Structure formats: structure tokens, C-alpha cells
Amino acid sequence: MIKPLSAAIGSILLVSFFATSAHAQDAASQTDAPNAPKAAKKKDDKNNDQPVNLDQVVVTGVRTPKAIDEIPGAITVVNKEEIAHTLLVTEDATAVLARSVPGYAESSQAMSNTGETLRGRIPLRLFDGVPQGSPLREGTRNGTFTDMGIVGRIEVINGPSASEGIGAAGGIINYLSKTPTKEGNETTITTRYQTQGKSDSGSWKTGVTFARKEASYDVLLAGSYIDRGMTYDGNGRRIGLNTSGSLADSTSSNLFAKLGYNFGEGDDQRIQATFSKFKITGKGDYIQVLGCRGPTDDPPCATPRTNTSERGHIDGSRDAFNDFKQYSAEYTNKNLFGGALDINVYKADQAMRYLPENTEDKQDPLIAPLNTLFDQSEITAKKRGIRTSWTRPDFLVTGLELHTGVDVARDEAQQRLALTDRLWVPPMIYNSVAPYAQLSYDIGPFTISGGYRRESDRLTVDSYTTTYYRNRVFVQGGKLSYKENLRNIGGIWRFNDEWSAFASYSEGFTLPNIGIPLRNISVPGQSVSRISDLNAIIYKNNEFGFNWRGDRGAFGATHYISKSPFGSSLAIDPNTSDFILSRAPVRIEGTELTGEWRFNQDWKATAIYSHITGKTAFWSADPAGNYGAGALKKPLGVLDINPDKLAYAVTWNYSAHGDATLGATSLFGRHVSGNDTRDYDGATFSYSERTHGYTLFDLGVNYDLERYGKLSLGVENLLDKQYILSWSQLAGYQNYWSGRGRVTSLTYTITL
């Protein structure tokens, strides 16, 4: 459980310091969205000449800049200052989300983002609007795809949404790259060193960004390289390598280029091309040494000990990696038939290789004696797509806005066992055509919106033969069609300049990580068209909340209920200790609070809080029709829903050139349990899970040396606390990892 002092501090901060609105995390900074000012202006004439708060504008889900207070739903904008502070403390790509987004789970501190859900479900991650990863085979690697140093802001649509296409079960997280904002040339050089005081724990980073902006064009070029050492826990013990991929003992390189050209009357047209290449690779200098949870483990031990690492290399193994490449070209026209047109064409290739394992499901006596064969899983995915939108204000009547377009996408994915070149998940091709239309009507202090999206999709799976562990059965390939009508409706009431309230209903659509049920087939005579676990998941989300924004602070509260009649959740296979997919009804309910209070120009405090509960059934409906799905009596555990979270921070501008931020994140302890009996055969089911909470403090200090650059100090886990990651407290395959102990970082940045 959390220490009493830490919990007390957290409670006081939450009550005393009003948080940022649920619609945006910080109102002070500017956005990098090129066309935001025009879209963000208030409709009142008296405000048209006032400075526009650009951080209150989003493009995710609406494709063109739109004011947040006209979108009915909880939206979080993570600005460049929050990203910069997190980078002082850690280079983990998802750590900023854990600190800034209420419903986002704890960071896995790994190359993998296992357990990192948003409101208890898998979110759709985008980079400049391009999907990362694949819903066909979710490999929990789509959170590490670029260097965070080139990200200007992150827009988070909380809750299921169909606005950006398939995969947004928990919401949408769109990482938006920086855009040059100053005329002329600007070169920024960043160097960083971090250590835990151990000889092999040193890590360093070098990054260079060049930006040029002229009247009609802009260019952004960036490159970086990171070399990471090993990590240690609060007890000074090496942390074991994550079986799904570790950041420790790895290198990463990133290249990014974005070129934009404005033309036409009033520069109302723009073409833009971007390229991104990111690769993180394990160095292979260490191997994992398994720990033991205690006397009840197999084999048992008297004293629990977490996984650790020792120097070594498994013969014949290859390095784990994430390899992401992305190309996109975009054309915008702000004055086409009275509206704004946006066309984005993209291509993305992704490959993910995992660490070597000699588990039961990777054995084959035709290759090597049982229990001696090491192999490595590798997932490859390719995406191609076109995203189009046209937005027409004052459509037919004043105040009515039409937003319409069509998205076309093709997604290919497969999974192989790389060392023996065996097929594990067959090649899958997913084609999607989705027209959509959205109407938004402003009536004085009210904004009412509603929309419709039609998914007409097809999945094609090749015929294949399963592995030895699954009895080498032949599975007949085939095609599946998915046709879904997805709707949303909502409204906002702005009571005055400070208070507003909203309510909304939205539907989301995704596939259930279909690679898992495909690779687990072990009964002969199966065909793709008859596997019920491949059916789509439809999410229905009801949400309401309110926001207050004053001169010195803000506060927001949101409550939501998310249902999926034929949903999915993760469970542990008792034989392999690997993840298996459970298809049954799911209901998730939660409350989120966010806030900020500025005491004066030197002091500011922020806080966020999240409480989530969820239930599913112990069994799904029998395909033969003998019985239906069970009642919602099985609680969702930490693999799906994170425990209550409280994150808070205080920032002090201690001089004209320096600032310091002390932050903390508390995850509360939790015990969930449930049981049920099936009437059909009298089978009994039960589930119990207990996790222990912890509080981590971090510190970031900046000092501006003016023309000589900026010097920054970051300390992660300031008190060097020993703890076990929440999702690692649940017994699973080789997953007994402790979290990082104190890490000290020194960063020097200079802009020329």
C-alpha cells in the first residue's frame, strides 16, 4: 500500500490545487498546428481581435483545427512543456502519458507497452495521423516508434472513438511532430547523460534539429542517437530484461524530415511531405535470470527475488528490435468550395522482434529435442492508406459545420518464429473503406454535434498449419466481412466564460488481436470463417462532465461508462503462462479529475486522478449454442485496468532564468475478486487479484544560460524507492520485474 505520508500529500494536493481542465492540460503554451489561429477564434465579435489560446485547439478526430470547448468529450492536450519536463527525467516514450493523462496506465519502462491501457482498453496510437502498430496482431510495441524530442504536442481523445478508424478501443493518442515557428534558421543541439551510479548503467544521447521557415515554406530535419546502459532497482540489483523487449542495454536511432510549402491566394494551400525512420535495438550483452515469487512458486524459494540480468549471450540468438518507417504526403486547401480540404496519403512499415525463449509453445522435436529449442518471435506489419476530409462552416445555415470525407486503408501483418523460420500467425490482409460525416451546430452557448461512420472492411487470411505445440493442424484460410454503422452524438453548454458541461455518446470499432486466436488453434477441421473469436468488437461509450476555467486555475471532472457486448480481455494461459484472449461482455466505468492552480507568476500546482472499475464474464457463449455468455461477475484485473492513480506536481520559477518541478505519481493498492457458477454444467469459476501501490517522486530543474544554452537536471524515482510494477505483480510468463531505482540525468541544450 502507499505510505500514509505520500497518500496524505496526494490527497491534500488533489483537494487544494485545482487541476487542468479535462479538455486540456495546460492553457499557457502555444501549439505547433500551422493553421490553428483561424479555427480557434471565438465566434463573439468582441473576441475576434483578442490573442488566441492555441493550446485550446485540436486536430485529432476532426482533421482540421477546432476549439476544444466545441468538442463534447474529455480531451487531453499534452503540451511541449510537459513533454520537455518528462524528457528531463526519462526517455521512455509513454512516461509523459502516465504523468499527464488520468486514464492512462503506468509506464511499463520497457520497449514493450504491455499493460499500458487507456481507460482499460487498448488505444489507437498515431504519429502525425498515421496509425502505429496493427490491430491484426497487437504486439504491445506500438508505443515506441519515434524520438520524443521531435514531438511538439500530444492530443488524446479519451474513450472509444471511430473518428480515426479501426483500433481506438480506449481512445486516440496522436503524437504531433514539431513545426518551425520562427522566421529564418534555427539549429538545436541536445546532449544528455544519465546514470544510476553503476559502471554499466551509463546512458547518453545526442540529437540535432534544424528548422528553417520562410514566407512560403518551412523545413524540419532531425536526427538523434541514444545508447542505453543497464537499469537497477531501488535495492541496487540489476533489473531483468523484459521478455517483450527492454529499453535497457539498447541503442536507438531516429531520422525525421518534414518539408512544407504554402501557395495560392493568401497562402491558403499547402503541400507537406514527411519521413520518419526509427529503430531501437537490443545490444545482446545480457541474458535474463528468472526470479521467484516465494514458497508457492514453481520451483519454490524461501525468499522472493525479482528477475535480474547477468552478462551473457544465447548462442544463435538475434537482437530484439523495433523498426518503424513512415512516409506521408499531405495537401490542404483552406478555401475549396467554401470549405477546407485535407488529403493525407501514407505508407508505414513496421517490424518487431522479441527476445529468445525456450517455452513449450516454441518447441518442435523435428528441429531439436524438447525443452532445448530457443526461438524468437517476429511481427511484421505494413500499412497503406488515404485519409480525406472536407470541412464547411456555415453549411446551409449560420453556425452549422459539416465535416465529411472517406478513409481508405490496407493493413498487412504476420508473425514468424525467426530463428527457425516457422510461421506462427499466418499472413493477414485487412482492407477498409470508411466514409463518414459529422455535423456540429453552434447555437449561442450551446454546441450540438452528431456523426456517422460506415466501416466496410474485409479480412483475408491465408491457409496455414499450426506449430507442433498446437498439434500441427491445418486451418483453412478465408475471408471475413465487417460492416458496421458507428454513431456519435453530444453537446456542450457553456454557462459563462468560466463554466461548461458536456455529455456524449460514441461508438468505437476494432478487431480482437486476431493473431492470438489464430496461432492457438489446436483442433483439426477449423476454418477462418467459423472462428467466432475473430468477430469485431463494438464499443459504446456514455460520458458526461463539467469544466471550470478561471484566471488563476482550472478544474474538470468526467464520468464515463464503456460497454462492449462481445468484448475482449486478457487472461493468463495456465500451461504456457502466456496471454490468451477472452471473448465475453465487458463493462468499464470510471471517473477522472484534472486540475491546476497558479498561486502567482512563480508558483503553479497541477494534479490528475483516475478511478476505473470493470467487469467481464467468466465464460463466453458456447459456439454450439449450449449456453450463453456468463453474467458480469469477473472483475477486470491489472492486465486490463490500472489501479487508482493520483499524479501531482509543483513548479517553481525560482529566477528569471530557472525553474524547478517536483512531481509524484501514486498508484493505489487494490484487491478485486469474484466468482460464478454455470447452470449448464455446474462448473464453478473464481478470480482474485491483489496489487500493492507505490508512490514515486521525480525532479526536474532547468537553468537558462541564455546564448550559452540551457542546462537541466532530472532525477527519476527521487527517493530511490524499491517497488514492483503493478502489472508485474500478477503471476505470468517470466514477468517478475521490479521498477527502476533512482536515475540521475544531466541535459545540455543549445539553440544556434
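This is a predicted model: local features need pLDDT of at least 70, side-chain atom pairs count only at pLDDT 80 or more; totals for chains, interfaces and linings use all residues.

Me: Is Leu 396 buried or exposed, and what is its relative accessible area?

Reply: Leu 396 sits in the loop between strand 17 (377–392) and strand 18 (400–417). Exposed means over 50% relative accessible area. Leu 396 is therefore exposed, with a value of 72%.

Me: What is the phi of Leu 396?

Reply: Most residues other than glycine have a negative phi. Leu 396 is not a glycine, yet its phi is positive, at about 70°.

Me: Asp 249 has a positive phi too. Where is Asp 249, and what is its relative accessibility?

Reply: The phi of Asp 249 is near 55°. Asp 249 belongs to the loop between strand 10 and strand 11 (250–263). Buried means under 20% relative accessible area. Asp 249 counts as buried because its relative accessibility is 5%.

Me: Now helix 3 (residues 80–89): how many of its residues are buried?

Reply: The buried residues of helix 3 are Glu 82, Ile 83, His 85, Thr 86, Leu 87, Leu 88 and Val 89. Helix 3 is largely enclosed by the rest of the structure, because the buried share of its 10 residues is 7.

Me: Which residues touch the most other members of the largest nonpolar core?

Reply: This core has 27 residues. A second, separate core has 26 residues, including Leu 136 and Leu 459. In the largest core, the residues touching the most other members are Ile 83, Leu 97, Met 148, Ile 154, Ile 173 and Tyr 175.

Me: Which residues are in contact with Tyr 175, beyond its neighbours within four places in sequence?

Reply: Tyr 175 is itself one of the core residues that touch the most other members. Its contacts include Arg 125, Asp 128 and Arg 153. Also among them are Ala 93, Leu 97, Phe 127, Phe 145, Met 148 and Ile 154.

Me: Which residues does the disulfide join, and what is the S to S distance?

Reply: The count comes to 1 disulfide, and both Cys 292 and Cys 301 are buried. The torsion about their S-S bond is about -105°, so the disulfide is left-handed. The disulfide joins Cys 292 to Cys 301, with an S to S distance of 2.1 Å.

Me: Which residue of strand 38 (residues 743–751) is the bridge partner of Arg 192?

Reply: Strand 8 (residues 184–195) pairs antiparallel with strand 9 (residues 203–213) over 11 bridges, and there Thr 191 stands opposite Thr 206. Strand 8 also runs antiparallel to strand 38, joined by 8 bridges. In strand 38, the partner of Arg 192 is Thr 747.

Me: What separates the C-alpha atoms of Tyr 346 and Ser 328?

Reply: Tyr 346 lies in strand 16 (residues 339–353) and is buried, at 7% relative accessible area. Among the residues Tyr 346 touches are Tyr 327, Ser 328 and Arg 384. Tyr 346 and Ser 328 are 18 residues apart along the chain, and their C-alpha atoms are separated by 4.1 Å.

Notes: Residues are numbered from 1 along each chain as its sequence is written. Side-chain values use heavy atoms; hydrogens and water are left out. Two strands pair if DSSP finds at least two bridges between them. Helices (H or I, at least four residues) and strands (E, at least two) are DSSP runs, numbered from the N terminus. Buried means under 20% relative accessible area, exposed over 50%, partly exposed in between (1.4 Å probe, protein chains only). A disulfide is a pair of cysteine sulfur atoms within 2.5 Å. Contact means heavy atoms within 4.5 Å. A nonpolar core is a set of buried Ala, Val, Leu, Ile, Met, Phe, Trp, Tyr and Cys residues joined through side-chain atoms within 4.5 Å.
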